[in-house]
Amino acid sequence: MCGIVGAIAERNITAILVEGLKRLEYRGYDSAGVAVFTNDGDLDRRRRVGKVAGLDQALAEQPLAGRLGIAHTRWATHGAPSEHNAHPHFSGDQLAVVHNGIIENYEALREQLKGLGYVFTSDTDTEVIVHLLHHKLKTDTDLADALKSAVAELHGAYGLAVISASQPDRLLAARSGSPLVIGLGLGENFLASDQLALRQVTDRFIYLEEGDIAEIRRDSVQIWDQQGCAVQREQVQYHEGAEAADKGEYRHFMLKEIHEQPKVVQRTLEGRLGTDHVLVNAFGPRAAELFAKVRNVQIVACGTSYHAGMVARYWLEDLAGIPCQIEVASEFRYRKVVVQPDTLFVTISQSGETADTLAALRNAKELGYLTSLAICNVGTSSLVRESDLTLLTQAGPEIGVASTKAFTTQLVGLMLLTLSLGQVRGTLDAGVEAHLVEELRRLPTRLGEALAMDKTVEKVAELFAEKHHTLFLGRGAQYPVAMEGSLKLKEISYIHAEAYPAGELKHGPLALVDSDMPVVTVAPNNELVEKLKSNLQEVRARGGELIVFADREAGIDNGVGTHVVAMPHIDDSLAPILYTIPLQLLSYYVAVLKGTDVDQPRNLAKSVTVE
Ligand code: G6P
């Protein structure tokens, strides 16, 4: 999704801006641009459709040098990906703006500004901001005052960066609904929509809060809150090594991240397990007191995180005996919800900035939930800051757009939640908890064993290279695992994939099965395996080709049209985590065979900060 980088320094900042954009590439975008207040005293820009490399090339041909600038990667919402729609947008030759988010009242503002004589050169909602600001500067000559007055007229979501050729000693920023972070240097300061963009230049950051406006100069930062009062925001020192933005020995970030899973699952468990029980205060000092009151759970999330929530519903009802509902955030936020008394509201998100999930949390706060819990991978995110309780997954930065290690660490977090709720409410037998704690300790080793099947899965992927449709089947908690497997395949290989609970096969999808439609199944050795075997027979009887990831003891054998990949044995409760691994590898190798852009699949974004 869109990315912002800004800089004010005594040195030439163009390369810093472009490097920042490159670090945000993983989020997905369709065009990129940079505007600089040049050493000649003009505001100038370069914009290109496509990759940042294209912008880099344009800058090599026509260099831009200056000490103040803003840059942007765009993911089209209003207006097609094109050079004239790419940011930065200008008003005259004095003012430039980059914007993340969506301005909902842009049509009314556009008409109003056209009436004032402004000529629009793009189809974007963003362009109204820069002209509105230009108009405000006619009466409020100070850039910060004009910006305060302009944003008061904007409805919707924005993270903004502004520069003006007539006030080149400052970079302005405004945040409402779209994250922004200031990077603090020595005699130079920076701005970005994600601190990852600035780790090359600093490790000290200030996160802007909702409604904040900031004036960033070379040697000072001034912030005003929503009410216009000057405020001090905390400085945060970032510690983690920058190794995350490096593919290391792997061909793609996705493969690197798949292989990191034993390590990050281990990290997510660290400090959270006692000898035979989960440490409930891992969810915060008030967690035990609040969890004791919980009678229902409502989970809300998007995409892969939603699938993690679906697995958790099986766990919460089965192990902890708590009724659980789960819904995608974009649906939940727009319907009238009947809230059961004493319901825990849980959001799950890798980024913590997904617009629909955040909006759902904000709505939930008005609806009388007992309390809110975020299971999230980014400690500084809006979701974490706005939730009462938090469990941070320790996946580290995830760069591949298709989520992998974030998903398995979310599942670990949700298992910790299940055990904690069962423990505090007395609905989970202590012996069962002790057994599962032991199994969790062994999980990183089991995941390592599943990853060792890498080459076998690579071979299986060859069965898919020429196919156009696939079916994924699972039963019980493996049904959401099948959904996640099918999402991975469609995201990165563009093969149409659908997931069904295996028992539903006969109610429709069986009509599609023939030798051109591979059917992928996950089959742990549990009480549903015999039923699953019958479903597999139904597929074979129609000539369908089966790929089955099966427990060694499940009694499913290789045969004509049936390819079985033997999986290590694991406790059934943790099987969804283990069986996710071969499905991730399968999608990865199919995509590699098809030659798609694995880490940045077409049309998708890593962090969806607009509706
Ligand atoms: C996008 C990403 C998905 C992700 C979803 C939810 O669609 O491409 O990988 O699952 O957003 O993101 P979140 O950060 O809230 O988990």
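Q: What makes two strands count as a pair?
A: Two strands pair if DSSP finds at least two bridges between them. In this predicted model, an open sheet of five strands shows parallel pairing, in the order β22-β21-β23-β24-β25.

Q: Which strands lie at the edge?
A: An edge strand pairs on one side only, and here that describes β22 (496-501) and β25 (562-567). From one strand to the next, the twist averages 20 degrees.

Q: How many bridges join strand β23 to strand β24?
A: Strand β23 (residues 519-523) and strand β24 (residues 546-551) run parallel and are joined by five bridges, and within these strands T521 stands opposite V548 in β24.

Q: Where does helix α17 pack, and what angle does its direction make with that of β23?
A: Helix α17 (residues 529-541) packs on the sheet, where it touches β21 (469-474), β23, β24 and β25, and its direction makes about 165 degrees with that of β23. Helix α18, for its part, lies across β21, β23, β24 and β25, running at about 150 degrees to β24.

Q: Which residues touch the most other members of the largest nonpolar core?
A: The largest nonpolar core holds 90 residues, and F291, V297 and F549 touch the most other members. Helix α18 (residues 575-594) supplies the largest share of this core, twelve residues. A second, separate core has 28 residues, including L113, L143, V151 and Y158.

Q: What does F549 touch, not counting residues up to four places away in sequence?
A: With those residues set aside, the contacts of F549 include V520, T521, V522 and A523, and also Y579, P582, L583 and L586.

Note on methods:
Residues numbered from 1 in each chain as written. Predicted model: local features only at pLDDT ≥ 70, side-chain atom pairs only at ≥ 80, totals over all residues. Heavy atoms only, no water. Core = buried A, V, L, I, M, F, W, Y, C linked by side-chain atoms within 4.5 Å. Buried < 20%, exposed > 50% of the residue type's maximum accessible area, 1.4 Å probe, protein only. Helix = DSSP H or I, 4+ residues; strand = E, 2+ residues; numbered from the N terminus. Contact = heavy atoms within 4.5 Å. Axes fitted to C-alpha atoms, helices over the stretch in contact; angles between N-to-C directions.
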